[in-house]
Amino acid sequence: MSFFRAAATARSFAAAGSRRYASTGVTSAKKQSNLPFYLLGAGVAGMGGYWYMDYTGKTTMKQEKSPLDPEKFVDFKLKKIEPYNHNTAKFIFELPNNDASLMPVASCVVVKASDPEALKNAQGKPIIRPYTPISAPDAKGELTFLIKRYDNGNASKHIHPSSLSIKGPYPSFHTKVYNEFDEVALIGGGSGITPLYQILTHALSNKLNKTKFKLLFSNVTEKDILLKEEFDTLKKKYPNTFDVVYLVDTPEGEWRGPTGFISADVIKQHVGPASLQDKIKVFVCGPPGQVAAVAGEKAGMKQGELGGILKELGYTEDQVYKF
C-alpha cells in the first residue's frame with residue numbers, strides 16, 4: 001500500500017496529467033508541526049519473533065512480537081525529523097524497548113492524528129491514510145517514513161508534534177518475490193516508491209537471489225527523485241540483478257536521462273514482454289493518476305481491473321500487482 005497524495009492533488013493529477021509538488025521547508029520536531037498533514041494529506045497479527053546469531057553462535061529468540069497492532073491504533077513518539085531534500089524529510093518514530101517493527105516486506109500501516117479532534121473529514125470522522133515505511137523490518141527501535149510535504153492542507157489542524165497513532169501492519173503481496181520470477185519490473189512515481197524500495201532491499205540482499213529487477217522511476221525533476229543515492233548504491237552492488245531508469249518531466253541542468261511520463265515505448269524498451277507469462281511480475285506504485293495510466297485504477301483496497309498501458313501491451317492481471 002503506498003502513501004499517495006491528498007485527494008485534491010490526486011484529482012489535479014488525473015485531470016491535468018501533471019504532478020503537483022510543494023516546495024516549502026521541513027518543520028523541526030521541537031516546534032508545533034504539520035506532522036499529521038504530511039502523513040495524512042497524501043493520501044501481522046501473530047507474527048513470530050526474528051532470530052539472530054549471538055557471539056557464541058547460538059540462535060537466539062530476540063523478540064516475540066511486533067510493537068505494532070493490526071487490531072487497534074497505538075500512539076508512537078516522534079523521535080526526530082531528518083531533512084532529506086527541498087520538500088521531503090524522514091520522520092523517525094521510536095519503537096518501545098528498542099524493538100523492531102517486524103513488518104512483512106512492502107506491507108503498510110494506517111496512520112491518523114493522535115488527537116481525536118484533529119484532522120477530520122467532512123463527515124466528522126478521522127482522516128486515515130496508509131503508508132509504507134522505508135526502515136527495515138529488523139531495524140531496532142525505529143520506524144521511519146519518508147514524507148513529502150504538500151501545500152494543500154489546513155495549517156490550523158495540528159496535533160502535538162511528539163506522537164502519531166499507527167495501526168497495522170497489513171501485508172500486501174504474499175510471496176518472497178526473489179527466485180519466484182525470472183524478471184521483476186517495478187514502476188514507480190514520486191513518494192510511491194517506498195514499497196518498491198522495500199522489495200528491492202529485501203530481495204537483492206539475499207545471497208540466493210537470481211531474479212533480475214528493473215526499476216522505472218518517474219519524477220518531476222531530478223531533485224525530486226527520492227532514495228536515488230540508495231538505488232544507485234544497489235545498482236553498483238548488484239550489477240547483474242538490478243538496474244534502474246530515472247525519468248523526469250522537467251529536465252534541468254545537465255540531465256541526460258529520459259524525459260516525460262512512463263510510456264508504452266519506455267516499458268517495451270526496459271521491461272520483459274508479457275509473453276514471459278509466469279516468469280515475469282510487474283509491480284506498480286505511485287500517484288493515482290499514474291497508476292491508472294499504467295495499470296488501471298485500483299478499487300479501493302482491492303486491485304481493480306487491469307487497464308492502461310500494461311493491458312494494451314498484453315500483460316494479464318496475474319502478472320501485475322498495484323500497491
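Is Cys-285 buried or exposed? I looked it up first: Cys-285 counts as buried, at 0% relative accessibility (buried is under 20% relative accessible area, exposed over 50%, partly exposed in between, with a 1.4 Å probe and protein chains only). Cys-108 is buried as well, with a relative accessible area of 1%.

I noted that this is a predicted model, in which local features need pLDDT of at least 70, side-chain atom pairs count only at pLDDT 80 or more, and totals for chains, interfaces and linings use all residues. Residues are numbered from 1 along each chain as its sequence is written, and side-chain values use heavy atoms, without hydrogens and water.

I searched the whole structure for disulfides (cysteine sulfur pairs within 2.5 Å) and found zero.

I then traced an open sheet of six antiparallel strands, in the order S6-S5-S8-S3-S4-S7. Strands are DSSP runs of E of at least two residues, helices runs of H or I of at least four, numbered from the N terminus; two strands pair if DSSP finds at least two bridges between them. Strand S6 (129–131) and strand S7 (142–148) are the edges, each pairing on one side only. I followed S5 (residues 108–112) and S8 (residues 163–170), which pair in the antiparallel sense over four bridges; Val-110 has Lys-167 in S8 as its bridge partner.

Last, I examined the crossing of H3 and H4, which is left-handed (the near helix is turned anticlockwise from the far one by less than a right angle; clockwise would be right-handed). The contact (heavy atoms within 4.5 Å) involves Tyr-197, Leu-200, Thr-201 and Leu-204 of H3 with Glu-230, Phe-231 and Leu-234 of H4.
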